[in-house]
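The structure comes first, then the notes.

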Amino acid sequence: MEATSNRYDVAILGGGLAGLTLALQLKRQRPETSIFVAEKRPGPAPEAAFKVGESTVEISADYFARVCDMKDHIEQDELFKAGLRFFFPAGDNSDITQRVEWGDSAFAPVPTYQLDRGRFENELARRNVEAGIDLVQGAFVDEVELDGDQHSVTIVQGGPGGDRSTITARWVVDAAGRSFILRNKLGLAKDVEHDINSAWWRVGNGLVDHEEWGAHDETWMARMERPGIRRYSTTHLAGEGYWVWLIPLASNSHSIGIVADPRFHPFERISTFEAALDWLHEFEPQLAKAMEERKDDIQDFLKIEKFSHGCERVFSPQRWAMVGEAGVFIDPLYSPGSDYIAMANTYVGDLIKRDLGGEDITARAEGYNRGFLFLFDLALTHVWTNHYQYFGDAEVFAAKVTYDYVVYWGVNAPRMYYDKLTDLEFTQATLAQVQRSAQLAVRVQQLFRDWHAAGQPPNPTGIHAVTSKFPGMWDRLKELKAGLDDETLLSRYTTNVDILEGMAVMLFHKAAKRLPDGPPDPERKINPHAISLHPERWEADGLFDDNGLTLAEARQQSQGFEVMLLDELAVTA
Ligand SMILES: Cc1cc2nc3c(=O)[nH]c(=O)nc-3n(C[C@H](O)[C@H](O)[C@H](O)COP(=O)(O)OP(=O)(O)OC[C@H]3O[C@@H](n4cnc5c(N)ncnc54)[C@H](O)[C@@H]3O)c2cc1C
């Protein structure tokens with residue numbers, strides 16, 4: 001369609017996932033808003049062989065389904081996801097049944113989805129138009145002027161040298177992904193240390209069912225509620241310095257990607273399909289065999305070097321913002337990309353609504369910008385950077401995934417599920433607990449690195465860490481949809497960080513087993529905020545603290561965590 005006006009409330013640059021969902025969200029929350037979306041691609045998107053960003057987790061699943069009102073489309077025309085599933089290495093990885101499996105036996109009680117990005121964006125585009133949004137496809141954003149009361153956006157239609165036209169808007173939101181229109185214009189790029197590469201492709205004409213690789217083993221098959229569930233997970237085949245994703249799509253294709261740390265796997269090893277296949281033969285032979293058999297079904301091959309990037313500012317009181325990959329991006333591990341879209345869109349939508357309602361948004365814009373980038377920096381630096389070295393160390397990586405998920409379900413996700421992200425009173429009331437969790441993260445994430453560096457014993461084999469069996473974790477998930485009242489929700493922040501502290505002390509005792517002198521006496525009270533694998537610093541850091549937890553108290557506080565700890569699981573399995 002064409003622009004119906006030359007003056008709008010909001011101009012969105014780029015009609016991809018972030019831009020189209022922001023437009024729909026704005027229309028739902030303030031129907032009278034006039035919105036212009038410029039998308040350079042002229043027609044509908046192809047299915048399957050289009051973009052990555054197919055696996056949703058709880059925040060983005062809820063945002064797309066509920067906030068953007070896409071539930072009917074998603075639940076009819078996309079796929080339900082069977083959670084995250086990890087397989088850690090065993091020997092040469094030629095037998096999946098021997099690999100430690102982390103994941104649940106059934107679909108989770110809180111739904112998440114696998115999205116075919118082409119199919120999803122086409123439906124989003126259709127609903128944008130239906131909602132009265134001026135979505136102009138085939139419109140390349142060539143120039144943006146940020147100026148006083150009205151910004152201006154110049155688009156070119158009909159290819160290079162084509163028709164130029166300019167619209168004005170009170171707000172400009174850059175959702176043009178890695179074109180980085182505003183970030184480049186304003187000189188806000190921020191380099192990050194995290195340096196990881198990826199290559200991916202789609203396989204058409206049927207899913208790649210990795211469950212078949214172990215179908216000969218009845219015990220392995222019986223781990224699941226019924227056959228056929230595993231293939232709907234976002235499956236991670238993990239090893240030293242890498243993980244490989246398998247994501248099923250409703251268009252009957254399977255998305256497969258290698259994510260690799262160049263310290264262990266140089267980019268050239270994965271940067272062409274032939275090289276990637278060769279690499280799979282070396283590290284993931286069962287998947288390599290499946291790919292050899294499906295070579296004629298390969299639909300595309302794409303790659304990216306050093307995908308992570310930061311930004312000095314993403315929201316401004318001068319009425320511009322960046323959402324999606326136009327702003328920041330961390331890493332696909334745990335699929336947080338769409339979560340960051342959901343959070344940025346929620347902040348930006350709130351600012352726009354308030355500004356158009358005549359409110360002075362200066363303080364809020366500054367606060368949202370700080371809060372969003374604080375979370376991004378914290379997560380990037382501590383949760384993702386410099387961890388790939390132990391992805392082949394099953395004991396450590398399984399512990400990390402469990403810990404990270406309790407943080408995600410217990411501290412990060414409730415703010416979105418309960419619509420509290422822009423509630424300043426709630427933010428203030430939870431601040432102390434959020435800070436306690438953030439401080440703990442710094443210690444625990446370093447512990448994971450040091451745990452592996454202290455020497456890796458052989459991985460256990462043939463065991464299954466079942467996520468729903470750890471109530472400290474699973475109840476956090478269920479509570480996202482439990483409709484808790486404000487008082488209970490607030491009190492949960494304290495309980496949830498208590499659980500994390502108990503886990504931290506348990507992890508410390510496990511990790512310290514790899515030290516020459518082993519862990520301290522389990523009766524000694526340990527301060528979870530002082531844990532480390534540096535015995536020479538324990539006294540000075542205040543590790544031994546009467547306000548801390550003995551091992552028994554830690555077990556009590558994070559009851560059931562042992563079912564996710566591989567050494568204990570190996571004994572009881
Ligand atoms: C390897 C990898 C794997 C990933 N896996 C996941 C995952 O499993 N789950 C997840 O949630 N996230 C994942 N992500 C992140 C996810 O891909 C991104 O968060 C998401 O695609 C970003 O959407 P976007 O709308 O910001 O950008 P895009 O989807 O790129 O949309 C930008 C749009 O802007 C348009 N555009 C660009 N320039 C212009 C211009 N000048 N004028 C007009 N239009 C323009 C483009 O055509 C495009 O349609 C992954 C990322 C990587 C790198």
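The lining of the second largest pocket comprises 26 nonpolar, eight polar and five charged residues (Ala, Val, Leu, Ile, Met, Phe, Trp, Tyr, Cys and Pro count as nonpolar, Asp, Glu, Lys and Arg as charged, and the others, Gly among them, as polar). The model is predicted: local features need pLDDT of at least 70 and side-chain atom pairs pLDDT 80 or more, while totals for chains, interfaces and linings use all residues. Residues are numbered from 1 along each chain as its sequence is written, and side-chain values use heavy atoms, without hydrogens and water.

**Pocket**
- A pocket here is an open set of points on a 1 Å grid over the protein atoms alone, where a 1.4 Å probe fits, with protein on both sides within 12 Å along at least five of seven lines; lining residues have an atom within 4 Å of a point.
- The second largest pocket has 39 lining residues, and F374, L375, N412, R415 and V434 lie nearest its centre.
- Two or more lining residues come from each of α9 (337-356), α10 (362-384), α11 (394-417) and α12 (424-453) (helices are DSSP runs of H or I, at least four residues, numbered from the N terminus).
- The most, 12 residues, come from α10.

- N386 is partly exposed, with 31% relative accessibility.

Terms used
Buried means under 20% relative accessible area, exposed over 50%, partly exposed in between (1.4 Å probe, protein chains only).
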